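User: I have a model open and want to learn how to read it. Can we go through its features one at a time?

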Amino acid sequence: MRFMREDDERLIAVGDELARLLVEQGLTADGSVLDVGSGYGRLALGILHSLDFQGPYLGFDILPRHVAWCAQTITPAFPTMRFAHLDIRNERYNPAGMLDPATVGFPAPSARTGFCALFSVFTHLHRPVVERYLHEIHRVLEPGGTAVTTWFLFDAARLPTITSSAATYPMVHVLDEVSRYADADDPLQAIAYDEAAVRGWAVAARLEVVSIDHGTWAGEPGRTFQDLVILRRAVGDVEVEPMPPGPSLAMRARAAARHGRTRLGDAWRRLRRGVGRRVRAVTGRRAG
Ligand SMILES: C[S@@+](CC[C@H](N)C(=O)[O-])C[C@H]1O[C@@H](n2cnc3c(N)ncnc32)[C@H](O)[C@@H]1O
């Protein structure tokens with residue numbers, strides 16, 4: 001389940017490092033965090049370990065096993081740390097997902113989150129999803145709230161380095177004028193965006209770009225591996241946008257059944273069997 005065959009020691013060290021990036025931006029033990037693409041809880045463990053975090057934390061991810069592990073292992077011991085599974089499509093991680101990532105809403109209320117984290121998530125998303133997620137970051141952040149995000153970025157000056165073998169992921173394939181990727185067969189293994197385009201999308205989503213610090217992934221010196229982009233919702237930006245409708249109950253139940261879990265999934269399977277029997281009784285044929 002772990003990324004890059006990480007052992008326990010490394011898991012805690014990475015968690016602490018991710019937590020530090022939020023603490024540097026002002027996260028305190030009673031803050032609030034939305035962790036988008038929470039994986040197997042590295043940031044959650046990091047803020048618990050290094051900050052004795054007490055505030056509300058919600059992590060969501062598209063991988064049911066990872067979310068289930070976090071919900072079964074972390075939440076019982078720390079009830080303010082919650083985890084949600086959303087069956088969002090991603091051609092690398094969840095190709096059969098039922099929710100369209102370019103229209104999905106984050107499972108969080110508007111203007112109530114102090115810190116959003118997207119660690120190694122924008123590096124696996126296509127452009128329409130990137131733009132959608134920036135919009136959702138703005139919606140959920142409270143005025144003055146901060147997003148700590150990581151990316152692979154390029155500009156004309158950086159092109160020779162990011163396409164060279166010195167880069168961990170040489171971005172040699174061109175998707176369009178603002179997107180490049182490393183693996184010909186798997187563009188979402190690692191996708192890079194034009195830095196000026198990212199700035200433009202952030203501003204279009206009404207987020208301020210506080211800082212961009214290049215990481216070491218392209219063989220240059222840096223404090224982080226991926227490029228670190230800090231975004232902020234302006235203090236005076238107080239309008240509360242309505243929360244987009246979540247996935248329908250039927251869609252959630254179908255996803256739960258597909259992953260063979262939960263009472264909701266069982267209820268959906270019973271419902272389908274019942275409907276199937278009724279369709280057969282009326283038509284003599286099996287329901288599709
Ligand atoms: C490299 S992992 C990073 C996980 C975690 N942020 C960490 O640093 O440990 C990328 C994560 O993004 C998740 N992901 C991919 N597409 C997503 C999407 N559209 N929405 C939310 N999470 C997504 C994957 O399931 C995976 O857990």
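Analyst: Start with the ligand. Sort the residues around the ligand by class: 11 are nonpolar, seven are polar and two are charged. Keep in mind that this is a predicted model.

User: Which residues come nearest to the ligand?

Analyst: The shell has 20 residues, and those that come nearest are Gly37, Gly39, Arg42, Asn90 and Phe119. Arg42 is also one of the buried residues of helix 2.

User: Now the overall make-up. How many helices and strands are there?

Analyst: The protein has eight helices and 11 strands. Of its 288 residues, 36% are buried. Look at contact range too. Take the contacts between residues at least 6 apart in sequence: 65% of them join residues at least 24 apart.

User: How do I read a helix for burial? Take helix 2: how many of its residues are buried?

Analyst: Count the buried residues, then ask what covers them. Helix 2 spans residues 42–51, and seven of its 10 residues are buried, so the helix is mostly covered. The buried residues are Arg42, Leu43, Ala44, Leu45, Gly46, Ile47 and Leu48. Their cover includes helix 1 (8–23) and helix 3 (64–73). Strand 1 (33–36), strand 2 (57–61), strand 3 (81–85) and strand 4 (113–118) are also among the covering elements. Check the end of the helix as well. Just after helix 2, Asp52 has a positive phi of about 50°.

User: Which residues of helix 6 are buried?

Analyst: Helix 6 covers residues 195–204, and its buried residues are Glu195, Val198 and Ala202. Now look down the helix axis. The buried residues fall within an arc of 55°, so they line one face of helix 6. The cover over them includes helix 4, strand 5 (141–151) and strand 6 (153–154). Strand 9 (191–194), strand 10 (208–213) and strand 11 (227–232) also belong to that cover. After helix 6 comes Arg206, with a positive phi near 65°.

User: And Ala197? Why does Ala197 count as partly exposed?

Analyst: Ala197 sits in helix 6. Count its neighbours. Ala197 has 19 C-beta neighbours inside 10 Å, so it counts as partly exposed. Buried would take 20 or more.

User: Next, sheets. What holds strands together?

Analyst: Strands of a sheet pair through backbone hydrogen bonds, and they run either parallel or antiparallel.

User: How enclosed is strand 4, and what does it pair with?

Analyst: Six of the six residues of strand 4 are buried, so the rest of the structure largely encloses it. Strand 4 pairs in parallel with strand 1 over three bridges. Asp35 has Ala117 of strand 4 as its bridge partner. Strand 4 also runs parallel to strand 5, with five bridges. In that pair, Phe115 is opposite Thr146 of strand 5.

User: Last, the core. Which residues touch the most other members?

Analyst: The largest nonpolar core has 63 residues, and Leu22, Ala44, Ile47, Cys116, Ala117, Ile137 and Ala192 touch the most other members. Helix 4 (residues 127–140) gives the largest share of this core, six residues. Now trace one member. Setting aside residues up to four places away in sequence, Cys116 touches Leu34, Val36, Ile137, Val140, Leu141 and Ala147.

Methods
Residues are numbered from 1 along each chain as its sequence is written. This is a predicted model: local features need pLDDT of at least 70, side-chain atom pairs count only at pLDDT 80 or more; totals for chains, interfaces and linings use all residues. A nonpolar core is a set of buried Ala, Val, Leu, Ile, Met, Phe, Trp, Tyr and Cys residues joined through C-beta atoms within 7 Å. A residue is buried if 20 or more other C-beta atoms lie within 10 Å of its own, exposed if 12 or fewer, and partly exposed in between; C-beta atoms are placed from the backbone. Helices (H or I, at least four residues) and strands (E, at least two) are DSSP runs, numbered from the N terminus. Two residues are in contact if their C-beta atoms, placed from the backbone, lie within 7 Å. The arc is that of the directions from the helix axis to the C-beta atoms. A residue is near a molecule or strand if its C-beta atom, placed from the backbone, lies within 6 Å of it. Ala, Val, Leu, Ile, Met, Phe, Trp, Tyr, Cys and Pro count as nonpolar, Asp, Glu, Lys and Arg as charged, and the others, Gly among them, as polar. Two strands pair if DSSP finds at least two bridges between them.
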